[in-house]
Amino acid sequence: MSLPDVLFDVDGVFGDFITPALAEVTKLTGVTYAHDDVRQGDIMESLGIPNEVAEQAYMNMRREGFCRSIRVYPGAVEGFNALRDVCKPYIVTAPLGGPHWAHEREEWLYDHFKIRRKDIISTSAKFKCVGDVLVDDKTANLVEWQLAHPTGCPVRWEALSNSSEPWSGVKTNNWQELRGIIIGLGHALNTKG
């Protein structure tokens, strides 16, 4: 039995990028925002942050140590580990840029999830990555990927940050439910072949 190739986004699925990003905005503006204030995929746009502040915040996030300091969401390690026997997992993550981000992301993924460098794809063009499933919290990424891979299964990882965006496809934010989705897809793929 062949296992499905499952592509996983990182920020918003495995780790909390929003909270430290908002801390950078607070440093620049003095205004404090909470994680749950973000109701769209684009953090800065969601909060009406001016472009020049957003650009500076993102520049600051490229500093050494920022990516490694992102907190893992509770249950993500255990949830991901429970999927290893039902799929071949790969990471597709959009690098923020700078000299530290990609390397620190690889270290972070290995330290927390034991994901090896050879299973990590750093790209903003996630639609170019071939797989059976894409799990992502950004609706735009899923739509673009689905257009490029019409036989694939895009799964939106549900969060407040995407709650205002329409999505009629498969969605969950429960690791056990995701396991069931992947198992079902695996059975369908194996009965086709």
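This is a predicted model: local features need pLDDT of at least 70, side-chain atom pairs count only at pLDDT 80 or more; totals for chains, interfaces and linings use all residues.
**Entry 1: around helix α1**

I started at the end of α1, where Gly30 follows the helix with a positive phi, near 80°.

Then I went back along the helix itself. α1 covers residues 18-29, 12 residues in total. From first C-alpha to last I get 16 Å, close to the 16 Å expected at 1.5 Å a residue.

Which residues of α1 are buried? I find Ile18, Pro20, Ala21, Leu22, Glu24 and Val25 on that list.

Next I looked up what covers them. The cover over the buried residues of α1 includes the strand β2 (15-16) and the helices α2 (43-47) and α3 (51-61).

**Entry 2: cysteines**

How many disulfides does the structure hold? I count zero. A disulfide is a covalent bond between the sulfur atoms of two cysteines, so I checked the sulfur distances next.

My cut-off for a disulfide is 2.5 Å between the sulfurs.

Cys153 is in no disulfide either, and its nearest cysteine sulfur, again that of Cys87, is 12 Å off.

**Entry 3: the largest pocket**

I moved on to open space. The largest pocket holds about 640 Å³. I list 25 lining residues for it, and those nearest the centre are Phe17, Gly41, Tyr58, Ala94 and Lys138.

Which element gives the most to this lining? That is helix α6 (residues 139-148), with three residues.

By class, I get nine nonpolar, eight polar and eight charged residues in the lining of the largest pocket.

**Entry 4: the second largest pocket**

For the second largest pocket I have a volume of about 200 Å³. Its lining has 15 residues, and closest to the centre are Gly12, Tyr73, Trp157, Glu158 and Ala159.

How does this lining divide by class? I wrote down eight nonpolar, four polar and three charged residues for the second largest pocket.

Methods: Residues are numbered from 1 along each chain as its sequence is written. Side-chain values use heavy atoms; hydrogens and water are left out. Helices (H or I, at least four residues) and strands (E, at least two) are DSSP runs, numbered from the N terminus. The expected span of a helix is 1.5 Å times one less than its number of residues. Buried means under 20% relative accessible area, exposed over 50%, partly exposed in between (1.4 Å probe, protein chains only). Contact means heavy atoms within 4.5 Å. On a 1 Å grid over the protein atoms alone, a cavity is a set of points where a 1.4 Å probe fits but cannot get out, and a pocket is an open set with protein on both sides within 12 Å along at least five of seven lines; lining residues have an atom within 4 Å of a point. Grid points are joined across faces, edges and corners, and a volume is the space filled by probe spheres set on the points. Ala, Val, Leu, Ile, Met, Phe, Trp, Tyr, Cys and Pro count as nonpolar, Asp, Glu, Lys and Arg as charged, and the others, Gly among them, as polar.
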